[in-house]
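Trainee: I have a model open and want to learn how to read its packing. Can we go through it feature by feature?

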Amino acid sequence: MKLQAKVTNDNGNSEQALIINDELIRQPNTYALELAYKRVGDKSIEELVENLYENLFVSIQSPALDFPGQYYIGKAAIDKGTTKQNMNAGKEYKADSAIPVVNTIGNIAAWAVKTSFNKKGKLVKDLEVTVDMTTALPVTEYKLGSKHNKEFENKFMEGTHTAVVFLGEEKVNVKINFDFVKVLPEGTAVLFYLNHLSKSHEVLQDFAKKYDIKPIDGKYFQDKRLLHVDIGDGTTELPITRHMAFDEDKAEGLNMGIAHAIVQAMNLFTSQETGYAGLNRQKFSEYLKDAENHSYEAPKAHSYMQIALQPVISEIINKIKEQLDKAYNEIDVVVVYGGGSILMKDLMEPLLEKELGRRKGGQIKLFWVPKAYAPLMNVEGMDAFMKLGMFDRVKEAVLTSN
């Protein structure tokens, strides 16, 4: 069976968010290389397909990888894996890491299995997927040049990637070919989303109310000079953009993100609480995100985070000050988003408001993206890039020139 997939792919240091043919998939961006599939219990094919992303085990052979391997991916890596691999934020380029390749292929293969099962009502054992994909790199990495970005695109585009998805006793063979891949700088990706928001979209309501602006749509941002503060797991990106371009001379990042605070808070947690000696960063993050299912751990985790966040927030605000100085305060709006912005908001927002109030007569506005949207700004931006036809125009231009 043959499938066509339009994919937007945000490889965050902590989470991978993909939109495949309008379906949002969010997974911890980690894998565990394993020797064998640990099959447990006797579940129906329907149950296995329904819960595939939570139990994803895939054998992958790819020209972009040094050797074939068998992997638990995402949630399954955290719950079942023994040799977890995480993005080494700040110490390696995303384009050089195996994690984006392994997890992208694995999740696309899982999507293909679920999609074919839902269409046919049965497991289809052999699948072929043709993919058009937009992905992004941090601005500080993107500005290394076209050769670097092209190498990342070619990791996907050169050759066929083969995945075998395990479901109990069954296996599904999935061949994936990337027809075209486009890499964007992360700040620019967000602009595609912002600039095309409809009037009074929920993401804009608090911002419009705060500054007593008449109901606005995304066109409000089109001619504005924006300082982005994209707080991720291991890095914070601070590009300055106007229209659809970023200022390469002022494209800066910081090897500091929410993970640094999480590690410190986790160490405090494990030193004070009994029975959590093997706790890893992803599991501790669950405590922070899911209080309903972790009623004991969540309050304690948040109390330790309040302590650990303070030096990280100080570093980020100092970098924001540097960027504002470099721009001579010629910034209209500071836009804060990314998964790390959610946990930092209560402590950091008043400090940043105070700093902006000292500059340019208080004219620089602060747009703190609501938590429901903050982690998804890049993937939504890339999805807008696809849906608004810009991806097709770039693809046609590249293919024609070749």
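Mentor: Start with the contact of α10 with α11. This is a predicted model. Residues of α10 including His302, Met305, Leu309, Ile313, Ile317 and Leu324 meet residues of α11, among them Leu343, Leu347, Leu351 and Leu356. By class, the contact has 15 nonpolar, 3 polar and 2 charged residues.

Trainee: Which charged residues belong to the contact of α10 with α11?

Mentor: Lys321 in α10 and Glu355 in α11 are both on the contact list.

Trainee: At what angle do α3 and α5 pack?

Mentor: Helix α3, residues 99-120, packs on helix α5, residues 146-157, at about 35 degrees. Their axes are 11 Å apart. The crossing is right-handed. Pro100, Val101 and Thr104 come from α3, and Phe152, Lys155 and Phe156 from α5. That contact splits into 4 nonpolar, 1 polar and 1 charged residues.

Trainee: What about α12 and α13: at what angle do they pack?

Mentor: Their angle is about 65 degrees, and the axes are 4 Å apart. The two helices are therefore roughly perpendicular. α12 spans residues 377-387 and α13 spans 390-401. Ala384, Phe385 and Met386 of α12 touch Met390, Phe391 and Val394 of α13. In this contact 6 residues are nonpolar, with no polar and no charged ones.

Trainee: Now the sheet. How should I read strand pairing?

Mentor: Strands of a sheet pair through backbone hydrogen bonds, either parallel or antiparallel. Here 10 strands form an open sheet with mixed pairing. The order is β3-β2-β1-β8-β10-β9-β5-β6-β4-β7.

Trainee: Which strands are at the edges?

Mentor: β3 (23-28) and β7 (84-86), each of which pairs on one side only. Neighbouring strands are turned by 30 degrees against each other on average, direction ignored.

Trainee: Where do I find a simple antiparallel pair?

Mentor: Take β1 and β2. β1 covers residues 2-11, β2 covers 15-20, and 5 bridges join them in the antiparallel sense. Asn11 stands opposite Gln16 in β2.

Trainee: Is β9 enclosed or open to the outside?

Mentor: β9 is largely enclosed by the rest of the structure, because 6 of its 7 residues are buried. Now look at its partners. β5 and β9 pair antiparallel over 4 bridges, and Ile60 stands opposite Ala163 in β9. β9 and β10 also run antiparallel, joined by 7 bridges. Val165 has Val172 in β10 as its bridge partner.

Trainee: What happens at the hairpin of β9 and β10?

Mentor: The hairpin has 2 residues between the strands, and Gly168 takes a positive phi near 60 degrees.

Trainee: Which residues does Ser59 touch?

Mentor: Ser59 is in strand β5. Leaving out residues up to four places away in sequence, Ser59 touches Gly69, Gln70, Thr162, Ala163, Val164 and Phe166. Ser59 and Val102 are 43 residues apart in sequence, yet 9.6 Å apart in space, C-alpha to C-alpha.

Trainee: Which helices lie across strands of the sheet?

Mentor: α3 is one: it lies across β1, β2, β3, β4, β5, β6, β7, β8, β9 and β10, and runs at about 140 degrees to β1. α13 is another: it lies across β1, β8 and β10, at about 85 degrees to β10.

Trainee: Back to backbone angles. Which residues have a positive phi without being glycine?

Mentor: Asn329 has a positive phi of about 65 degrees and is not a glycine. Asn329 sits in the loop between α10 and β16. Lys360 is a further case, with a positive phi of about 55 degrees. Lys360 lies in the loop between α11 and β17.

Trainee: Why does Lys360 count as partly exposed?

Mentor: Its relative accessibility is 34%. Partly exposed means between the buried limit of 20% and the exposed limit of 50%, so Lys360 falls in that class.

Notes:
Residues are numbered from 1 along each chain as its sequence is written. This is a predicted model: local features need pLDDT of at least 70, side-chain atom pairs count only at pLDDT 80 or more; totals for chains, interfaces and linings use all residues. Side-chain values use heavy atoms; hydrogens and water are left out. Axes are lines fitted to C-alpha atoms, for helices over the stretch in contact, and angles run from 0 to 180 degrees between N-to-C directions. A crossing is left-handed if the near helix is turned anticlockwise from the far one by less than a right angle, and right-handed if clockwise. Contact means heavy atoms within 4.5 Å. Ala, Val, Leu, Ile, Met, Phe, Trp, Tyr, Cys and Pro count as nonpolar, Asp, Glu, Lys and Arg as charged, and the others, Gly among them, as polar. Angles under 35 degrees count as roughly parallel, over 145 as roughly antiparallel, 65 to 115 as roughly perpendicular and the rest as oblique. Two strands pair if DSSP finds at least two bridges between them. Buried means under 20% relative accessible area, exposed over 50%, partly exposed in between (1.4 Å probe, protein chains only).
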